[in-house]
Amino acid sequence: MERLHMSNGSLIRLGYDVDSFSANALVDIYAKLGDIEAAMMVFEKILLPDIVSWNTLIVGCALHSFHNLTLELLQEMKVLGTTPNKFTLSSILKACAGMGMIDLGRQINSHLIKVGFDTDVFVCVGLVDMYSKCGLMEDARRVFNLMPMQDLISWNSIISAYVQNLNDEKAISLFCEMQKEGFNCNQTTLSTILKSIASLQLIDASKEIHSYAIKLGLESDVYVTNSLIDPYGRTIGEEDWARNPAFVGECRTLAA
């Protein structure tokens, strides 16, 4: 971080602090590191911030749960004449979810429909996340169902939504439906669905997911491995599966 501040100082001395490209890069780095104060200082030196400048700062604030500041920046951005785009509004949806501001979230949803962004996968995933975190699963599912094309990210988002809202049976049902649609899983999918499997104490399903992870080459992934501890631990004891190679051997046989 100290070297980053030194680089910032060098850019200021060279006058690059007012160049949007260089400044945006610094804002992005500071924001991703969670140093929002430093990101704001750099941002304020940009003479004519463009949509990329605003989005870089807003995304960083939303990422680190500075929800009030995220909404304040949106208002300031609009007052100064910059029109929010889908990336801006997706970050605002995170702030709405974090603060439980469902009315504002619905307003943004209506605006997205009006400007034609409601079919964009990136935006739809943000809407699913916002509605699910507010406990409105019917709305989340409606957004998912209306998507013109569903990809792995959107499937992961709706499955995660049901897991977060403790509807484990529905999450598992959607997981099976996703596979029937021909989608392969990634570590996010597996670690998410294993939470539902653990909650329902489905030992056979745990073994099937374990074998599937082996097939996909994800058996050594730290997220998948840690997620397997819970369902196995609840049903057969952590020591039995973690230390006894018979369980791993059985899963490898299923994967063959």
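Reply: This is a predicted model.

Me: Why are H3 and H4 called roughly antiparallel?

Reply: The axes of H3 (residues 36-44) and H4 cross at roughly 170° and come within 11 Å. Angles over 145 degrees count as roughly antiparallel, and H3 and H4 are therefore described as roughly antiparallel to each other.

Me: Why is H8 also described as roughly antiparallel to H9?

Reply: The axes of H8 and H9 (residues 137-146) come within 7 Å and cross at roughly 170°. With the limit set at over 145 degrees, that angle makes H8 roughly antiparallel to H9. The crossing of H8 and H9 is left-handed. On the H8 side, the contact is made by Cys124, Leu127, Val128, Tyr131 and Ser132, and on the H9 side by Met137, Asp139, Ala140, Arg142, Val143 and Phe144.

Me: How do the residues of the contact of H8 with H9 divide into nonpolar, polar and charged?

Reply: The contact of H8 with H9 comprises 8 nonpolar, 1 polar and 2 charged residues. Asp and Arg count as charged, and the contact includes Asp139 and Arg142 of H9.

Me: Which helices supply the lining of the largest pocket?

Reply: The largest pocket has a volume of about 500 Å³. Among the 23 residues that line this pocket, Lys94, Phe122, Val125, Gly126 and Asp129 are the closest to its centre. H4 (51-63), H6 (86-99), H8 (121-133), H10 (152-164) and H12 (187-200) each supply at least two lining residues. H10 gives the largest share, 7 residues. By class, the lining has 10 nonpolar, 10 polar and 3 charged residues.

Me: What makes Leu74 and His111 lining residues of the second largest pocket?

Reply: A lining residue has an atom within 4 Å of a point of the pocket. Leu74 and His111 are among the residues that line the second largest pocket, which holds about 200 Å³ of space. H5 (67-79) and H7 (102-115) each supply at least two residues of this lining, and the largest share, 4 residues, comes from H7.

Key. Residues are numbered from 1 along each chain as its sequence is written. This is a predicted model: local features need pLDDT of at least 70, side-chain atom pairs count only at pLDDT 80 or more; totals for chains, interfaces and linings use all residues. Side-chain values use heavy atoms; hydrogens and water are left out. On a 1 Å grid over the protein atoms alone, a cavity is a set of points where a 1.4 Å probe fits but cannot get out, and a pocket is an open set with protein on both sides within 12 Å along at least five of seven lines; lining residues have an atom within 4 Å of a point. Grid points are joined across faces, edges and corners, and a volume is the space filled by probe spheres set on the points. Axes are lines fitted to C-alpha atoms, for helices over the stretch in contact, and angles run from 0 to 180 degrees between N-to-C directions. Angles under 35 degrees count as roughly parallel, over 145 as roughly antiparallel, 65 to 115 as roughly perpendicular and the rest as oblique. A crossing is left-handed if the near helix is turned anticlockwise from the far one by less than a right angle, and right-handed if clockwise. Contact means heavy atoms within 4.5 Å.
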